[in-house]
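Here are my notes for you on this model. Keep the sequence and the 3D view open while you read.

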Amino acid sequence: TRGILGGGYKPAASPTAVVDIIEYFTMASSGNTIDFGNLSDARGEVDACSSSTRGMWAGGEDVPFADLNIIDYIEIATLGNALDFGDLSVTIRDGTCISSPTRGFVMGGNDADLPSPSIRESIEFWTIASKGNAVNFGNLAAKTSGSNGGCSSSTRGFMLGGSSSPNKLDYIQMLTM
């Protein structure tokens, strides 16, 4: 019933001006977004996914250009600030998030802690209904960041394109490990 947006860069400001704002809109009606609350940390290039009840944000970039390992969550039906869910095992920004009804995943992305080029091939997941840290799921076929997008069914998740393979389509079976 709701669409949720959070994080990003402040319009018409320095590209290093990240925000912690979460806004929502009601899908069944037209109109502007409405204030929902705030993320636990202002950040851009943050990845997001959801179940039918929880919205989640993973990683991102803080100022001055520090990649993060934060996982935040909200209850979509209520208003308020995001809460700490757990951590990724690595710092990451500009990856791709997808979800099944029970698991959230982040794939690829950039990590300033790696030598240049700082692109990851890892896939991590967490169980959406219970708070905790992400764990390793496996690896993509190739390192990639800046994906053109991700989408999923209840069993299979897809990552489309990315910096190293703009015409590539990766997929995972989300129920296996």
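1. Start with a term. A residue is buried under 20% relative accessible area, exposed over 50%, and partly exposed in between (1.4 Å probe, protein chains only). G146 is partly exposed because its relative accessible area is 30%.

2. Know what you are looking at. This is a predicted model, where local features need pLDDT of at least 70, side-chain atom pairs count only at pLDDT 80 or more, and totals for chains, interfaces and linings use all residues. Residues are numbered from 1 along each chain as its sequence is written, and side-chain values use heavy atoms, with hydrogens and water left out.

3. Where does G146 sit? Look in the loop between β12 (135-139) and β13 (149-152). Contact means heavy atoms within 4.5 Å. Leaving aside neighbours within four places in sequence, G146 is in contact with D94, G162 and S163. A112 is 34 residues from G146 along the chain, and their C-alpha atoms are separated by 14 Å.

4. Now the secondary structure. The protein has zero helices and 15 strands. Both are DSSP runs, numbered from the N terminus: helices are H or I with at least four residues, strands are E with at least two.

5. Next, overall size. The C-alpha trace spans about 40 × 40 × 30 Å along its principal axes. The radius of gyration is taken over C-alpha atoms, and the globule rule is 2.2 Å times the number of residues to the power 0.38. For 177 residues, a compact globule would have a radius near 16 Å; the protein has 15 Å, which agrees.

6. Buried residues make up 45% of the 177 residues. The protein exposes about 8,700 Å², and carbon and sulfur atoms supply 53% of that area. Accessible areas come from the Shrake-Rupley method with a 1.4 Å probe; for residues, only the protein chains shown count as cover.

7. Check contacts along the chain. Take those between residues at least 6 apart in sequence: 43% of them join residues at least 24 apart.

8. How many disulfides does a search of the whole structure find? The search finds zero. A disulfide is a pair of cysteine sulfur atoms within 2.5 Å. The sulfur of C49 has its closest cysteine sulfur in C97, at 4.3 Å, so the pair is too far apart for a bond. C49 counts as buried because its relative accessibility is 9%. C97 also counts as buried, at 12%.
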